[in-house]
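Me: I would like to go through a protein model by question and answer. Please show it before we start.

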Amino acid sequence: MPTPPSGPPRPVVWFLPARDEEATIATVLARAPGRVAGHPVVPVVVDDGSRDATARAAAAAGATVIRTGARGLGAAVRTGLATAVAHDPVAVAFCDADGEYAPEDLDALVTPIVRGEADYVVGSRFLGAIDRMHPHRRLGNRVLTRALARLTGVPITDGQSGFRALSPAAAAAAEIAHDYNYAQVLTVELLRKGFRYHEVPISYSFRRHGRSFVRLGPYLRHVVPAVHRELRRARAAQSSTTCAANAARARDHAAAST
Ligand SMILES: Nc1nc2c(ncn2[C@@H]2O[C@H](COP(=O)(O)OP(=O)(O)O)[C@@H](O)[C@H]2O)c(=O)[nH]1
Ligand SMILES: [Mg+2]
């Protein structure tokens, strides 16, 4: 059968990695717009290892819930991306389930992708509004972001943001190097593959329920070697491919957007 010329609009799949977020998940889901940039939003919650009623609350709020074994945030985002790609989306977005990020910002993240202007959009808290952030987290974010910007050559302003959007191609190509988290390795990986980077300002408020999984020691132990490995791969590729040109393109794109 030939494909009809126009079907229903492809969805924006918005997923939330969640572990023990029963206090916030329903409110976060309820705050999301039903459509962005003319496309329906399909909410998905990736819950691995919750010991509370996160999954039940998410399902009651209308999300598709994926439950996997407890493996970590990086693994949950990997699952979210694969699930989203299977929906033939126009764009994929994800953010925390703890209320730190505003679902109302979804439109700003997804629009550059729907318009074909970017492949990987990161919501920058430091370009937007921060309601409250612990001083040690603020310092850690600054230091790690500066390091990431220097290593990639792209003027990244928020390397640890928890609100991001990807084109279907970027979502399909993204590999997350470890199960622990995704923040830096996902960016290095997508830049290495030549995807166009873009930042938009977003608002951020510190979580009022539950606790962050981030602990400084384990964080650095996982993230530093993984970023180092990704950069080594990028440098190896640089000699024979267009990695430098890709980084320049990403840099130009980021500069044009600020
Ligand atoms: N599925 C899943 N989600 C997780 C895991 N660890 C953290 N999360 C969720 O991922 C998001 C980010 O984690 P969070 O602890 O808020 O990190 P922070 O924002 O950097 O402090 C939140 O929605 C968490 O509930 C995990 O192991 N599995
Ligand atoms: Mg959080």
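Reply: The questions below go from the whole chain to single residues.

This is a predicted model, in which local features need pLDDT of at least 70, side-chain atom pairs count only at pLDDT 80 or more, and totals for chains, interfaces and linings use all residues. Residues are numbered from 1 along each chain as its sequence is written, while chains are lettered from A and ligands numbered from 1 in the order in which they are written.

Me: How many helices and strands does the protein have?
Reply: Helices (H or I, at least four residues) and strands (E, at least two) are DSSP runs, numbered from the N terminus. On that basis the protein has nine helices and eight strands.

Me: What percentage of the residues count as buried?
Reply: A residue is buried if 20 or more other C-beta atoms lie within 10 Å of its own, exposed if 12 or fewer, and partly exposed in between, with C-beta atoms placed from the backbone. The protein has 258 residues, and the buried share is 49%.

Me: Why is helix 7 largely enclosed by the rest of the structure?
Reply: Helix 7 covers residues 183-192. Its buried residues include Ala183, Val185, Glu189 and Arg192. Helix 7 is largely enclosed because ten of its ten residues are buried.

Me: Which glycine just after helix 7 takes a positive phi?
Reply: The phi in question is about 90°. The residue that takes it, just after helix 7, is glycine 194.

Me: Which strand gives the largest share of the shell around ligand 1?
Reply: The shell has 20 residues, the closest being Pro17, Arg19, Ala76, Ala97 and Ser212; a residue is near a molecule if its C-beta atom, placed from the backbone, lies within 6 Å of it. Two or more residues each come from strand 1 (12-18), strand 3 (39-48) and helix 3 (73-85). The largest share, three residues, comes from strand 3.

Me: Where is alanine 37, a residue other than glycine with a positive phi?
Reply: Most residues other than glycine have a negative phi. Phi of alanine 37 is near 50°. Alanine 37 is partly exposed, with 18 other C-beta atoms within 10 Å. Its place is in the loop between strand 2 (35-36) and strand 3.

Me: Is aspartate 88 buried or exposed?
Reply: Aspartate 88 also has a positive phi, of about 50°, although it is not a glycine. It is found in the loop between helix 3 and strand 5 (91-94). With 10 other C-beta atoms within 10 Å, aspartate 88 is exposed.
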